[in-house]
Amino acid sequence: MAVTTAAAVRRLCAAGQVRSALAVLAHGVKFGDAALDVAACTALVHGCCRSGDVAEARRVFDVMPRLGVAPNEVTYTALIHGYFVNGHREMGLALFEEMRRGGVEPNLYTYNCLIGEWCRTGEFERARLLFDEMPVKGVVRNVVSYNTLIAGLCRHGKLKDAVQLLEAMRREGIRPSMVTFNLLVDGYGKAGKMSNALHFFNQMKASGFLPSAVTYNTLITGFCRVRDIARAIRAFSDMKERGLAPTKVTYTILIDAFAKENEMTRAFEMLSEMEKTGLEVDVQSYGVLLHALCMEGRMMEARKLFQSMDSKGVKPNNVIYDMMIYGYGREGSSYKALRLMMEMRRIGLVPNIASYCLTIRLLCNEGKCQEAEALIDDMARAGHMLLSTVGRCKGAPQHRDGALKSVQ
């Protein structure tokens, strides 16, 4: 019976049927025949965590001693990781301390998990203490251990420390992976140090790795960040020459770069090329172009692009609508802004407070008190607090219920 129960739980968890596995456990506990092994219980803990139900995972973890099964390092690690992933950091750290007090030694995955969490919050001294403890405890560090720490250092701009870690990695006889190089290319790209980014890009190739689309996207983003569009385009061309198909991300990066340089013709050419390759042009791609047009006051072109979205099967979101309202507000087109706001409300979207305030101010400045009052009422229904700096209706000595007075 015990073997059958344990096997059933493991099989159900492997198939993603965690609820059914929990039912098997509950039945066994109720009737006193739930003799499971540690692998089955760990599978349950892991399955619950993966589905986001860390409370249920903890209940399984806590019932294990009653079933005569002691959690091992794999069980602890599964729950610690589950706590971290689901936003219960302090509970994860507390469980790690509980693990140590109980005499259960962390394994490689426990250490990597904890190092990653400390790196996420920028607490590198704690991360490094655990990293340095691993060989002392007889745990052999692997490429993931190094990459985890390098990723945290790069993310927080500690690039020299990351490079020193790469050198230590090599001295330890661990071969850097493609991920290692991508992290360094990305880190230096975000810092605007493109000569360093190119150095690690070339090291990647020298180490026998073929740059991926992710690598090229990272490099192109870096060049665009330092406004070296010519080199970004060269990287884009090199990517295609190597037989790598540019992704939606690649095109969006370049569309954004051209738009920021006010090279709208080239931005639209990139959008057209993206469509021809069969890639889905999403709301983000349109948003980049619309933002540039609205900021430049080119509202006729913005409106045309906005209207074309529907024919392409792309539904404008709140950001797109608010962007258009801002553009119309800048040119003083109160009714055009108001029509878009009414359209938003009809389709179940809520304008942001800036859109409300801008449109109300325009209406007030033009003496359109009735429309302004109606918009103030709608603003309140949408859950936005009335601001005292929105505007004042010209030629309106009395205001219904003090509504416009409240936004003077």
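The legends below describe close-up views of a predicted model.

**View 1. Helix H10 and the helices around its buried side.** Helix H10 covers residues 159-171, and its 13 residues reach 19 Å from the first C-alpha to the last, close to the 18 Å expected at 1.5 Å a residue. The buried residues of this helix are Leu-159, Ala-162, Val-163, Leu-165, Leu-166, Ala-168 and Met-169. These buried residues pack against four elements, namely helix H8 (124-136), helix H9 (143-155), helix H11 (178-190) and helix H12 (194-206). After H10 comes Gly-173, a residue with a positive phi near 85°.

View 2. Gln-203 has its place in helix H12, and its relative accessibility of 18% makes it count as buried. Leaving aside residues up to four places away in sequence, Gln-203 touches Leu-166, Arg-170 and Phe-181.

**View 3. The packing of helix H9 with helix H11.** On the H9 side the contact is made by Val-143, Asn-147, Ile-150, Ala-151 and Cys-154, which meet Val-179, Thr-180, Leu-183, Leu-184 and Gly-187 of H11. By type, the residues of this contact divide into 7 nonpolar and 3 polar, with no charged residue in the set.

**View 4. Helix H17 and its packing partners.** Helix H17, residues 283-295, has 13 residues and reaches 18 Å between its first and last C-alpha atoms, close to the 18 Å expected at 1.5 Å a residue. Buried in this helix are Ser-285, Tyr-286, Gly-287, Val-288, Leu-289, Leu-290, Ala-292, Leu-293 and Cys-294. The elements that these buried residues pack against are helix H15 (248-260), helix H16 (264-276), helix H18 (299-311) and helix H19 (318-330). Just after H17, Gly-297 takes a positive phi, with a value of about 75°.

**View 5. The salt bridge between Asp-282 and Lys-248.** The side chains of Asp-282 and Lys-248 meet in a salt bridge, at 3.5 Å from N to O. Asp-282 lies in the loop between H16 and H17 whereas Lys-248 belongs to helix H15, so the pair ties together parts that are 34 residues apart in sequence. The relative accessible area of Asp-282 is 18%, and this residue is buried, while Lys-248, at 30% relative accessibility, counts as partly exposed.

**View 6. The salt bridge between Glu-261 and Arg-227.** Glu-261 forms a salt bridge with Arg-227, and the closest N and O atoms of the pair are 2.7 Å apart. The pair links distant parts of the chain, with Glu-261 in the loop between H15 and H16 and Arg-227 in the loop between helix H13 (213-225) and helix H14 (229-241), 34 residues apart. Glu-261 is partly exposed, at a relative accessible area of 26%, whereas Arg-227 counts as exposed, at 57% relative accessibility.

View 7. In helix H22 (residues 369-381), Arg-381 and Asp-378 lie 3 residues apart, about one turn of the helix, and their side chains meet in a salt bridge of 3.4 Å, N to O. Arg-381 is exposed, with a relative accessible area of 61%, but Asp-378 counts as buried at 12% relative accessibility. Elsewhere, salt bridges that share partners join Arg-89, Glu-90, Glu-117, Arg-120, Glu-123 and Arg-126 into one network. The structure as a whole holds 26 salt bridges.

**View 8. Ala-23 in helix H2.** Ala-23 lies in helix H2, which runs over residues 18-31, and with a relative accessible area of 45% this residue is partly exposed. From C-alpha to C-alpha, Ala-23 and Ile-233 are 57 Å apart in space, and in sequence they are separated by 210 residues.

Conventions: Residues are numbered from 1 along each chain as its sequence is written. This is a predicted model: local features need pLDDT of at least 70, side-chain atom pairs count only at pLDDT 80 or more; totals for chains, interfaces and linings use all residues. Side-chain values use heavy atoms; hydrogens and water are left out. Helices (H or I, at least four residues) and strands (E, at least two) are DSSP runs, numbered from the N terminus. The expected span of a helix is 1.5 Å times one less than its number of residues. Buried means under 20% relative accessible area, exposed over 50%, partly exposed in between (1.4 Å probe, protein chains only). Contact means heavy atoms within 4.5 Å. Ala, Val, Leu, Ile, Met, Phe, Trp, Tyr, Cys and Pro count as nonpolar, Asp, Glu, Lys and Arg as charged, and the others, Gly among them, as polar. A salt bridge is a side-chain nitrogen of Lys or Arg within 4 Å of a carboxyl oxygen of Asp or Glu.
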